[in-house]
Every structure is written in C-alpha cells, then in structure tokens.
Amino acid sequence: MKGKLITLEGIDGSGKSTMTERLRSNPDFKDFVFTREPTTGWIGDAVNRAIHSDTDNLAELLLFTADHAEHISKLILPALESGQNVISDRYSGSRYAYQAVTLKGKFPEPMEWIQQIHHGWTVDPDLTVLFDIDPKISVERCGNRGEQTKFEKIDFLEEVRANYLKLAEAHPERFVIINTDRPVDEIEKDVLDAIFSLLENK
Ligand SMILES: Nc1ncnc2c1ncn2[C@@H]1O[C@H](COP(=O)(O)OP(=O)(O)OP(=O)(O)O)[C@@H](O)[C@H]1O
Ligand SMILES: Cc1cn([C@H]2C[C@H](O)[C@@H](COP(=O)(O)O)O2)c(=O)[nH]c1=O
C-alpha cells in the first residue's frame, strides 16, 4: 500500500471535526482523502439510527463494523492503493474504545473480542492522533452544539477515555496523544507536527 492512513480519535466533543475542517482547508492537504465513521452511506445512516435509539448493544457494534467493512473496501483500500493519503475522523479505534464500554459484561474481555472480529480484514492506521480531554469539558462543549448522541455522558466518556489511553499505551508506535483542552491553534500545530513527521519518514 502506498498511501498513509491517519485517523483522528477521541471522545465526543474532543475537537476532531474542528481539526478536520482546518486540515481540509490547508493547501498542504489538498490531495488527501478526507472521510469519517460512521460513513455517509446507507449503512452509516443505519448506524446513526442505532445511536439515536435504544438499539441492542451487540447489534449496534455489528452495524458499526459493517459500516467499517464497506468503508474499507469501497474507499480506504482503493485510495491507499492508488497512493493517496487518507484522514479519517473516527475509525476502528472508536469501536475498540466505545463498544468495549457498551458491551461490558457481555464478554469477559470486550475490547479484545471487538479487536478480534476486525482481524484479517481491517487496515490498521499508520498514525492515530488521540484528542485527549476531560469529559467534563468536552460534554460542556457538546452542550453548545445541536443534537446529542446517547454517548455524550460524563461517566460513560470517562470509561471511553480510559480505553483510548489503554490503546495508546499498547500501540506507542502509531499513537500520538494531544491535549485538546487548549486553543485550536496550539492543537493544530501539534497535529501538523505528528502528520508531517509520519510523511517525512515514508
Ligand atoms: N480547542 C477548542 N476550544 C474550545 N472549543 C472547542 C475547541 N475545539 C472544538 N471546540 C468546540 O467544541 C465543540 C465540539 O468540537 P468538535 O465538534 O470539533 O468535536 P468532535 O470531537 O468532532 O465531537 P464528536 O466526535 O462528538 O462529533 C464544538 O462546538 C467546537 O466548536
Ligand atoms: C465510529 C464509531 C462511533 N461511535 C460513536 C461516537 C459518537 O458518539 C458517535 C458518532 O458521532 P459523531 O459525533 O458523528 O462522531 O458514535 C461509536 O460508538 N463507535 C464507533 O465505532
């Protein structure tokens, strides 16, 4: 594969979409493919129905995972194979961090179980930028936006954050943790440093 896959991860309201828009309007990124999960396709629409309703947690994970499979085969792989760099606002890390909380008690080791069902077909990112912030701050930021998902609760997001930090500890070779309780310009500088350092080592 010739292109690089960069994913932006973090709890709700941590600033990923704000940064995605900054990168998208940066001329250095004009040839990058920007994408997101849940996707904007029909399976992504089904995911959005699930997260705004009382859907069974396992069914919800499987919908997110189906959306990921479609994303990989229709967009991620073709783009990378054609040499394009891809930036995804949320990706598999969201499943490992969020659904490991919703499926607590259903499986002895939910995060490992979820990772296992991705094995053999997912594409691991070359770089994951983890937008790290205290959920008390991010939930307050979300309060200033419109529609909320069922995940935007402080206690729940504390657990999601802990899962993200666990993933970052397990994969120091590709995770960069960025404190996003700071002005956007400062965050942007760190994000650009992380991305350019990956691309320089190509
Ligand atoms: N560094 C920052 N300082 C203050 N407010 C911010 C900062 N970054 C983003 N915000 C604001 O916080 C809110 C959430 O930001 P954003 O939508 O970028 O988060 P997100 O990580 O994409 O959230 P989600 O995953 O839930 O969609 C927005 O109202 C945004 O304007
Ligand atoms: C990909 C993915 C997402 N989620 C959660 C995270 C958010 O609460 C929503 C998506 O909303 P966004 O504001 O559009 O980012 O879904 C998840 O639980 N698992 C996933 O795999």
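The model I consulted is a predicted one.

**Entry on the shell.** I looked up which helices supply at least two residues each to the shell, and found α1 (16-24) and α8 (184-200). I counted 15 residues around ligand 1, and recorded Lys16, Ser17, Thr18, Arg90 and Arg182 as those that come nearest. By class, I sorted the shell into six charged, six polar and three nonpolar residues.

**Entry on polar contacts.** Which atoms of the protein lie 2.4 Å from an oxygen atom of ligand 1? I found there a polar side-chain atom of serine 17. For glycine 13, I recorded a backbone N or O atom at 2.9 Å from an oxygen atom of the ligand. At arginine 182, a polar backbone atom is 2.8 Å from a nitrogen atom of ligand 1. I then looked up the area: ligand 1 exposes 630 Å² when taken alone, and the protein buries 74% of that.

**Entry on the pocket.** I checked the space that ligand 1 takes up and found that this space is the largest pocket.

Where in the chain do tyrosine 98 and phenylalanine 156 lie? I placed tyrosine 98 in helix α4 (residues 92-102) and phenylalanine 156 in helix α7 (residues 154-170). The two are 58 residues apart, and I noted that their pair links distant parts of the chain.

Terms used:
Residues numbered from 1 in each chain as written. Chains lettered and ligands numbered in written order. Predicted model: local features only at pLDDT ≥ 70, side-chain atom pairs only at ≥ 80, totals over all residues. Heavy atoms only, no water. Near = heavy atom within 4 Å. Polar contact = N/O pair within 3.5 Å; in protein donor to acceptor, adjacent residues only side chain to side chain. Areas by Shrake-Rupley, 256 points an atom, 1.4 Å probe, with all protein chains shown as cover. 1 Å grid on protein atoms, 1.4 Å probe; cavity = no way out; pocket = protein on both sides within 12 Å on 5 of 7 lines; lining within 4 Å. Sits in = over half its atoms within 2 Å of the grid points. Helix = DSSP H or I, 4+ residues; strand = E, 2+ residues; numbered from the N terminus. Nonpolar A, V, L, I, M, F, W, Y, C, P; charged D, E, K, R; others polar.
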